[in-house]
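Have a look at the sequence and the fold before reading on.

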Amino acid sequence: MSNCIIDSKITAAMAEFQTPTSLGFGKVKSPVMYRVDYRDGAWQQGRALPYGNIEIDPAAKVLHYAQEVFEGLKSYKIDSPRANFFRPLDNHDRLNFSARRMCMPEISAELFMEGISVVTALSESLIPTQTGQSLYLRPFMIGLTGALGMGASTEYAFIVIASPSEAYHAGEMKVLIEREGCRAALGGTGAAKTGGNYAAATQSAQKTQAMGYHQSLWLDPGSMQNIEELSGMNVFALIDGKLHTPRLTPSFLKGITRDSVIKLARHKGYEVIERTMPIEELLADIRAGNCIEAFACGTAAIVSPISVIAEADGTNYELEQSDVVAAELRAGLLEIQERRSEDPFGWTCEVEDQFYQLALAS
Ligand code: COI
């Protein structure tokens, strides 16, 4: 049983909160959050608190040496009395993978589930109910030790915040091949979900957007020849009727939506090939009409079509077909995530009753 403490100020914070009519992605924050601290070599008792600023030593390791890891997942409440999660223990596994890479302590599945469940149960009245919408959950861990020498913290906080949201990229995306910069290094932290990778991608994102595109397409940091990912999304291409996606490497993120799309597409009868994908080969395949569709996927983005892959010199490779296979997979995935259809993979689970009881008692 969870022994999470529910702060008495939460009721007032909830009562004051008004959900804006337009949600966007990640802009509106639920008025509650969860926090558990790590000190003396152990995780302490979890607390649900009103959302608010956190006090931090200005010398904290996270502020200087970026000792941080995070996750993104959603709770859904479409046509159902109870909210549900999608593959939350995969997010837990990946958080711990990232934590190991960043020399941070692992967290138990019980505390991870307590954090996302308490925040979801307390925020239940704010979860939007239209298909494609959800409560986006952002669990993260930060190194708090206030000492300017390099090295790992001995104190940490694991925090969960939440945002009633729309999908991140609902429309068609134009992507620009990043031929100069790298978001991750060989032997670096590319496969970990840590803030530094996203900070490293921002310069390219700004350049890309200034040129009228939406996302940078990253190549492998070793040869700069092979497709890896978009910052925050994985990539698929439909070539000669088969789905191709870059084989996982240590320099890009092992997307949970990527894995779900692979399994769902195979279940629907598509052949899915995970392989090294040279960018020149893909461009030649688009030009020859062999590759007719491409799309990106991620927790926040779900499955989003790509309409153009472009070079910085202005050469555009337009995809012949947009949002056909992507739409089929998005619909199939959303039906499972939102519990509107059978879940042959056992991916979804309801928020446990004990967390509703805790929320009710607050
Ligand atoms: C997610 O899909 O949850 C992500 O982490 C992408 C985010 C950087 C917007």
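Lys 193 puts a polar side-chain atom 2.6 Å from an oxygen atom of the ligand. Keep in mind that this is a predicted model. Tyr 136 and Thr 299 also come up against ligand oxygen, Tyr 136 with an N or O atom of its side chain and Thr 299 with one from its backbone. Here are those pairs side by side:

| Residue | Protein atom | Distance to a ligand oxygen |
|---|---|---|
| Tyr 136 | side-chain N or O | 2.5 Å |
| Lys 193 | polar side-chain atom | 2.6 Å |
| Thr 299 | backbone N or O | 3.3 Å |

On its own, the ligand would expose 280 Å², and the protein buries 89% of that. The space it takes up is the largest pocket. Besides the residues in the table, the ligand's surroundings include Phe 25, Phe 70, Tyr 168 and Tyr 198, along with Arg 138 and Ala 300.

Now for Leu 230, which sits in strand 12 (residues 227-230). Is Leu 230 buried or exposed? With a relative accessible area of 0%, Leu 230 falls under the 20% cut-off, so it counts as buried. Looking past its neighbours within four places in sequence, Leu 230 touches Met 173, Val 175, Trp 218 and Ile 306, among others. Phe 252 is 22 residues away along the chain, and its C-alpha atom is 9.4 Å from that of Leu 230.

Last stop, helix 9 (residues 353-361): its buried residues are Gln 354, Phe 355, Tyr 356, Leu 358 and Ala 359. What do the buried residues of helix 9 pack against? They pack against strand 1 (5-6) and helix 4 (109-122).

Note on methods: Residues numbered from 1 in each chain as written. Predicted model: local features only at pLDDT ≥ 70, side-chain atom pairs only at ≥ 80, totals over all residues. Heavy atoms only, no water. Buried < 20%, exposed > 50% of the residue type's maximum accessible area, 1.4 Å probe, protein only. Helix = DSSP H or I, 4+ residues; strand = E, 2+ residues; numbered from the N terminus. Contact = heavy atoms within 4.5 Å. Near = heavy atom within 4 Å. Polar contact = N/O pair within 3.5 Å; in protein donor to acceptor, adjacent residues only side chain to side chain. Areas by Shrake-Rupley, 256 points an atom, 1.4 Å probe, with all protein chains shown as cover. 1 Å grid on protein atoms, 1.4 Å probe; cavity = no way out; pocket = protein on both sides within 12 Å on 5 of 7 lines; lining within 4 Å. Sits in = over half its atoms within 2 Å of the grid points.
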